[in-house]
Amino acid sequence: MADDYLVRIGKLIRDARQHRGWTQTQLAEALGTSQSAVNRIERGNQNISLEMIARIGEALDSEIVSLGYAGPMHLRVVGGRRLSGAIDVKTSKNACVALLCASLLNKGRTVLRRVARIEEVYRLLEVLNSIGVRTRWINDGVDLELVPPAELEMTAIDAEAAVRTRSIIMFLGPLLHRMDQFKLPYAGGCDLGTRTIEPHMIALRRFGLQIAATENQYHAQVDRTVRPDRPIVLTERGDTVTENALLAAARHDGVTVIRNASSNYMVQDLCFFLEALGVKVEGIGTTTLTVHGVPNIDVDVDYSPSEDPVEAMSLLAAAVVTESELTVRRVPIEFLEIELAVLEEMGLDHDRSPEYFADNGRTRLVDLTVRPSKLEAPIDKIHPMPFPGLNIDNVPFFAAIAAVASGQTLIHDWVYDNRAIYLTDLNRLGGRLQLLDPHRVLVEGPTRWRAAEMMCPPALRPAVVVLLAMMAAEGTSVLRNVYVINRGYEDLAERLNSVGAQIEIFRDI
């Protein structure tokens with residue numbers, strides 16, 4: 001066992017040295033030892049003290065071993081490399097989690113095709129398994145099958161998994177039709193400041209749902225005598241709020257009108273799925289949805305969620321920031337048209353293929369080829385709006401893009417309390433971002449990126465933006481504890497490596 005650990009430690013040291021670009025002789029000189037001693041250490045043939053491990057870690061600017069806990073995942077990035085070739089966009093993370101919640105509406109078997117294998121999905125599956133839903137990956141792990149029990153075991157819910165995802169909030173809509181009272185752990189997810197669930201409650205109270213929040217749980221009770229007798233007007237045109245209202249309306253015995261609804265990509269995918277369950281939904285793609293509920297849903301359904309426009313934007317940004325020519329395939333163009341219009345005004349050189357349909361038969365896709373471009377800062381500020389405006393989740397990528405453009409760009413991220421603050425982490429990599437207030441940041445470009453070692457921001461999109469900047473920075477960077485990236489992206493490092501990046505995944509022992 002000791003020999004095995006010596007070999008593993010030696011491999012970590014060798015990998016860290018090689019990514020630093022050092023020879024064994026250079027490391028030996030930094031440590032005041034011989035090249036042969038370094039060679040024995042790296043082959044696992046020499047006992048090594050904790051003091052020596054610490055010295056090696058300091059010399060290589062890389063923590064080799066962490067003691068006392070299971071080590072998180074880190075990324076070591078060799079930057080300054082050009083990307084090339086083609087890469088496919090994966091299915092939508094936000095659609096997949098909504099469809100997992102929506103499967104609770106169905107008493108029959110649900111099969112979801114090409115489900116994103118991400119941490120957010122895994123946490124929801126742990127929750128679903130804990131309350132009695134049988135889930136299994138089929139077709140070589142590509143597709144997901146879900147079979148619900150006759151009765152859900154809510155008292156056995158996996159609270160630890162539930163609090164690590166905000167998506168748990170979308171259990172409320174389906175569960176209010178299945179039981180008169182239940183408890184849910186508080187919703188978690190990214191650290192993006194205070195995010196109230198009151199808009200959800202305003203909508204769901206119309207179906208008789210009442211919530212009391214105590215002891216880190218939502219205590220839910222349902223009054224079956226309460227029914228929506230007039231259109232539900234959402235106080236926030238939010239995606240999850242709209243989805244929760246749709247999930248509640250799907251099994252309501254009657255017609256529900258939802259106004260000020262989000263028409264964003266994940267909402268449309270949920271509507272398409274509800275139609276596959278036999279629920280008629282009028283107004284898909286608009287802000288007024290009319291839902292003809294089906295009180296009892298018991299069907300075997302097979303559905304393919306569409307591709308993720310935010311991942312598509314991530315890959316486009318990767319090409320822009322690294323000054324690469326890259327083809328991004330299966331881009332849901334309807335949900336990126338504003339972003340592309342802004343990028344065109346900034347000078348982006350790109351072209352697109354003719355449109356074709358996603359596997360759901362409804363969402364329009366294209367293949368986009370991006371080429372190195374001389375970008376100028378946009379005249380107007382970058383700010384999000386509900387669809388069909390610039391996507392809220394795509395705003396952070398414009399921080400990295402603006403950093404490589406000439407001039408000043410004002411980014412106004414008015415939705416979240418903290419996210420603009422995390423964008424200033426780009427300054428560690430050579431960026432020039434000035435935080436004007438918790439929602440506005442001024443970006444000065446162009447940027448000469450430089451390598452750095454840093455902790456991953458606790459919010460998904462800013463974390464990916466930092467990774468993209470590291471890919472552009474000459475030298476070796478380290479991004480520590482990337483769980484938040486794995487919440488929303490499947491095998492991102494490996495997929496970027498397939499088109500020319502050099503990113504190594506490593507863990508502490």
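Count up the secondary structure in this predicted model and you get 18 helices and 23 strands. The chain runs to 509 residues, and a compact globule of that length would have a radius of gyration near 23 Å; the protein comes out at 25 Å, which agrees. Along the principal axes, the C-alpha atoms fill a box of roughly 80 × 55 × 45 Å. Buried residues account for 57% of the 509. As for contacts between residues at least 6 apart in sequence, 73% of them join residues at least 24 apart.

Now for the way the chain is divided. The domain assignment gives domain 1 (1-58), domain 2 (71-89 + 306-505) and domain 3 (91-301). If you want a sense of the layout, the C-alpha centres of domain 1 and domain 3 are 51 Å apart.

What about the interior? In soluble globular proteins, nonpolar side chains tend to be buried together. Here the largest nonpolar core has 151 residues, and the members touching the most others are Phe171, Leu184, Leu479 and Ile485. Helix H16 (residues 460-472) is the top contributor, giving eleven residues to this core. Domain 2 and domain 3 each supply at least three residues to this core. Zoom in on Ile485 and, leaving aside neighbours within four places in sequence, you'll find it in contact with Cys456, Leu460, Ala463, Val464, Leu467, Leu479 and Leu492.

Next, a charged residue worth a look. Lys93 sits in helix H5 (residues 93-102). Which side chain of opposite charge is nearest to lysine 93? That would be Glu120, 4.7 Å away. A salt bridge here needs a distance within 4 Å, so Lys93 has none, although it is buried. Setting aside neighbours within four places in sequence, Lys93 is in contact with Ile118, Glu120, Asp308, Leu460, Arg461, Arg487 and Gly488. Leu460, then, turns up in the contacts of Ile485 and again in those of Lys93.

Last stop: Ser263, in the loop between strand E10 (255-259) and helix H11 (265-276). Is serine 263 buried or exposed? Its relative accessibility is 4%, so serine 263 counts as buried. Thr286 is 23 residues away along the chain, yet its C-alpha atom is separated from that of Ser263 by 5.5 Å. Not counting residues up to four places away in sequence, Ser263 touches Gln268, Gly285, Thr286, Phe335 and Phe387.

Methods:
Residues are numbered from 1 along each chain as its sequence is written. This is a predicted model: local features need pLDDT of at least 70, side-chain atom pairs count only at pLDDT 80 or more; totals for chains, interfaces and linings use all residues. Side-chain values use heavy atoms; hydrogens and water are left out. A nonpolar core is a set of buried Ala, Val, Leu, Ile, Met, Phe, Trp, Tyr and Cys residues joined through side-chain atoms within 4.5 Å. Buried means under 20% relative accessible area, exposed over 50%, partly exposed in between (1.4 Å probe, protein chains only). Helices (H or I, at least four residues) and strands (E, at least two) are DSSP runs, numbered from the N terminus. Domain bounds come from an automatic or database domain assignment. Contact means heavy atoms within 4.5 Å. Lys and Arg count as positive and Asp and Glu as negative; His and the chain ends are not counted. The radius of gyration is taken over C-alpha atoms; the globule rule is 2.2 Å times the number of residues to the power 0.38.
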